[in-house]
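Here are my notes for someone opening this structure for the first time. Have a look at it first, then read on.

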Amino acid sequence: MFKKIWENEKLKPFLQFIKFGLVGVSNTLLSYLLYIGFLRLLRGLAWKQDYILANVSAFTISIFWSFYWNNKYVFKKAEGSRRNLWKALGKCFLSYGFTGYILENVLSFLWIEQLGISKYAAPLLNLVFTVPANFFLNKLWAFRETKK
């Protein structure tokens with residue numbers, strides 16, 4: 001019964017979003033733990049915006065994690081289609097680059113510097129904006145398939 005639901009064509013986009021969310025949860029945990037680790041490593045620097053370097057470093061590593069699992073589990077190639085992995089990885093970096101490097105850092109600056117929100121809470125608040133943006137960029141652009 002569960003397999004029948006999972007393979008239902010009408011539910012496919014919703015279930016794909018759920019899978020993307022599961023990969024995203026693991027990616028977020030990894031990225032957040034790396035972010036905290038980088039913040040601790042950078043603690044000795046007298047740089048007020050250490051959170052930006054920590055975010056960029058953690059996010060770069062987590063993009064590879066996300067790409068691997070999204071390619072393998074979420075956006076599987078359909079039979080009779082092809083995907084250039086290097087091109088998909090480049091598009092994935094650009095997609096996540098927009099949301100992770102630009103959008104997240106702009107939002108973090110807003111939350112932390114303008115609204116006084118903790119630099120430990122800001123990345124979690126950013127998820128409200130970045131998760132939907134990432135899903136659509138990946139689905140419609142980075143992992144888009146072409147016919148053979």
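1. Some ground rules. This is a predicted model, where local features need pLDDT of at least 70, side-chain atom pairs count only at pLDDT 80 or more, and totals for chains, interfaces and linings use all residues. Residues are numbered from 1 along each chain as its sequence is written, and side-chain values use heavy atoms, with hydrogens and water left out.

2. The overall layout. You'll find five helices and two strands in the protein, and along the sequence they come in the pattern α-α-α-β-α-α-β. Both kinds of element are DSSP runs numbered from the N terminus: helices are H or I with at least four residues, strands are E with at least two. Taken along the principal axes, the C-alpha atoms fill a box of roughly 55 × 35 × 25 Å.

3. Of the 148 residues, 34% are buried. Buried here means under 20% relative accessible area, exposed means over 50%, and partly exposed is in between, using a 1.4 Å probe and protein chains only. As for contacts (heavy atoms within 4.5 Å), look at those with a separation of 6 or more: residues 24 or more positions apart account for 73% of them.

4. How the helices pack. Two packed helices are described by the angle between their axes and the distance between the axes. The axes are lines fitted to C-alpha atoms, for helices over the stretch in contact, and the angles run from 0 to 180 degrees between N-to-C directions. Angles under 35 degrees count as roughly parallel, over 145 as roughly antiparallel, 65 to 115 as roughly perpendicular, and the rest as oblique.

5. α2 against α3. This pair packs at about 150 degrees with the axes 8 Å apart, which makes α2 roughly antiparallel to α3. By class, 17 nonpolar, nine polar and two charged residues make up the contact of α2 with α3. For those classes, Ala, Val, Leu, Ile, Met, Phe, Trp, Tyr, Cys and Pro count as nonpolar, Asp, Glu, Lys and Arg as charged, and the others, Gly among them, as polar.

6. α3 against α4. Here the axes come within 9 Å and cross at roughly 145 degrees. The crossing of α3 and α4 is right-handed, and the residues in the contact divide into 16 nonpolar, nine polar and two charged.

7. α2 against α5. The angle is about 135 degrees and the axes are 10 Å apart, so α2 is oblique to α5. This crossing is right-handed. On the α2 side the contact is made by P13, Q16, F17, F20, T28, Y32 and Y35, and on the α5 side by P123, L124, L127, V131, N134, F135, N138 and K139. Sorted by class, that contact has ten nonpolar, four polar and one charged residues.

8. The kink in α5. Where does helix α5 (residues 122-142) kink? At V128, by about 45 degrees, shortly before the proline P132. The bend at a residue is the angle between axes fitted to the seven residues ending there and the seven starting there. Buried residues in α5 are A122, P123, N126, T130, N134, F135, N138 and A142, and their cover includes α2 (12-41) and α4 (85-114).

9. Is N70 buried or exposed? N70, in helix α3 (residues 50-74), is buried, with a relative accessible area of 1%. Leaving out residues up to four places away in sequence, N70 touches F20, V23, F75, Y96 and F143. Y68 is also in α3, but Y68 is partly exposed at a relative accessible area of 44%.

10. K48 sits in the loop between α2 and α3; K48 counts as exposed because its relative accessibility is 57%. Outside the four places either way in sequence, K48 touches E113 and K119. S81 belongs to strand β1 (residues 81-82) and is buried, with a relative accessible area of 3%. S81 and R144 are 63 residues apart in sequence, and C-alpha to C-alpha they are 9.8 Å apart in space.

Notes: A crossing is left-handed if the near helix is turned anticlockwise from the far one by less than a right angle, and right-handed if clockwise.
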